[in-house]
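Hi there,

Here is the structure I promised to pass on to you. Have a look at it first, and then read on for some notes on its salt bridges.

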Amino acid sequence: MYVPRLVIAAPSSGSGKTTVATGLMAAFAGRGLTVSAHKVGPDYIDPGYHTLATGRPGRNLDAYMCGLELVAPLFAHGALGCDLAVVEGVMGLYDGASGQGELASTAQVAKALRAPVVLVVDASSQSRSVAALVHGFASWDPQVRIGGVILNKVGSQRHEVLLREALDESGVPVLGVLRRAEQVAVPSRHLGLVPVAERRGDAVDAVAAMADQVRAGCDLDALMALARSAPAVPGEVWDAVGAVVGARGGSVPLPAPGVRAQAGLKRVAVAAGAAFTFSYAEHTELLAAAGAEVVPFDPLRDEALPEGTRGLVIGGGFPEVYACELSANAALRRAVVELVESGAPVAAECAGLLYLARSLDGLPMCGVLDAEGQMSGQLTLGYREAVAVSDSVLAAPGTRVRGHEFHRTVLRPGAGAEPAWGLHQPERRVEGFVQRGVHASYLHTHWASAPGMARRFVERCKG
């Protein structure tokens with residue numbers, strides 16, 4: 001498969017990758033191109049802005065959680081039929097999973113995709129030194145092809161001249177110069193940027209401002225030429241149906257696009273809305289491939305689960321921000337309890353775990369789990385290796401997965417009588433809850449790496 005593509009990277013976090021990547025996506029989409037958006041790593045929030053910019057699902061490429069062998073196939077799946085793909089990196093170009101070399105770094109993903117890299121440099125406090133910085137990044141790994149630089153936060157015309165003169169000696173072309181611009185700033189809080197779902201109008205304006213800034217400051221034709229210089233994407237195209245079939249050793253019907261309540265499908269409700277924004281696009285695709293009719297609902301607004309719900313998925317998000325509203329929706333909380341008591345499968349990650357608890361910051365939640373959650377001043381963040389401890393709707397005991405934790409809340413106790421996972425790094429501990437048909441845990445997982453989880457979940461749904 002061939003698709004023009006660029007990886008947008010930086011020497012460090014805070015250099016402006018999201019502004020440039022999102023602006024490029026929107027600018028090229030504004031030219032009438034079909035643009036595929038991707039994000040390196042486990043980040044859920046940036047892909048929401050990418051979706052606004054392109055009108056297509058933003059997708060993640062995580063070599064730790066999914067394995068390096070799936071990076072190119074998942075990329076090809078998302079970019080199939082597109083005119084251009086833009087991949088936003090994570091942290092600094094060569095930063096990866098802690099203590100594991102280049103694993104899960106932007107550089108590793110760029111090499112797996114055979115994609116040229118555009119380095120976004122925060123030039124606000126340097127002039128000639130920028131050439132040494134770019135030279136170092138360009139020469140560090142010969143397999144990483146840095147095809148150009150975009151200078152960000154440039155203060156003046158004189159500043160730009162000094163930077164360009166310095167970079168003339170580096171051999172790496174300048175493909176864009178962006179001035180400081182407050183209007184493109186996106187507000188942050190305790191877990192990063194505020195998600196699109198919480199600031200829809202302002203987010204649309206911010207993405208439009210990013211596109212305007214990129215159009216004004218970047219050579220889009222040169223960037224497109226660089227993207228077209230990439231060779232064919234290596235490997236096969238990932239397919240949800242094929243993944244599920246491979247996981248079950250048999251065949252499953254693929255629901256027709258847009259068909260609802262199709263005979264034989266099992267309705268799975270998936271929490272959405274402002275409080276539950278963390279999800280990977282492949283999860284719903286795998287559920288559908290396994291025979292589910294996926295129906296989103298908003299726990300902040302809907303007082304009942306979708307009619308005919310046979311399974312429930314509650315992903316991550318910000319329940320701590322919306323604890324009052326979630327608690328006030330007592331009708332929905334009762335409906336969730338009734339579904340659990342019926343034995344239906346329920347998969348909850350992070351925010352979903354807190355929603356199923358007895359309380360969150362003292363406010364009543366669903367009470368399915370005998371545990372209490374509260375905000376904490378400490379950030380829990382990092383990749384995890386895990387093994388399933390108890391038989392559940394997602395995994396048989398002994399199933400090994402890789403996941404990611406990202407929260408500023410604590411739950412007491414942190415594990416039930418039948419824990420969900422045994423974690424092996426950074427310390428050994430058990431975590432999460434398995435009871436009735438519930439699997440609830442802080443651990444975020446990517447089902448593309450373990451499609452049997454989607455298959456197993458749907459099989460537990462009653463017809």
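A salt bridge here is a side-chain nitrogen of Lys or Arg within 4 Å of a carboxyl oxygen of Asp or Glu. Please keep in mind that this is a predicted model.

By that definition, Glu-169 and Arg-128 form a salt bridge, with their closest N and O atoms 3.6 Å apart. The two residues are 41 residues apart and sit in loops: Glu-169 between helix H6 (157–168) and strand E7 (174–179), Arg-128 between strand E5 (117–122) and helix H5 (129–140). Glu-169 is exposed, at 61% relative accessible area, and Arg-128 is exposed too, at 59%.

How many salt bridges does the structure hold? There are 22. Another of them joins the side chains of Arg-59 and Glu-282, at 3.2 Å from N to O. Arg-59 belongs to strand E3 (residues 59–61) and Glu-282 to helix H10 (residues 281–289), so this pair ties together parts that are 223 residues apart in sequence. Arg-59 is buried, with a relative accessible area of 8%, and Glu-282 is buried as well, at 1%.

A further salt bridge, 3.1 Å from N to O, connects Glu-459 with Arg-455. Both lie in helix H14 (residues 452–460), four residues apart, which is about one turn of the helix. Glu-459 is partly exposed, at 40% relative accessible area, whereas Arg-455 counts as buried at 18%.

Finally, look for Lys-39, Asp-46 and Glu-88: salt bridges with shared partners join them into one network.

Enjoy exploring!

Best wishes

How values were computed:
Residues numbered from 1 in each chain as written. Predicted model: local features only at pLDDT ≥ 70, side-chain atom pairs only at ≥ 80, totals over all residues. Heavy atoms only, no water. Buried < 20%, exposed > 50% of the residue type's maximum accessible area, 1.4 Å probe, protein only.
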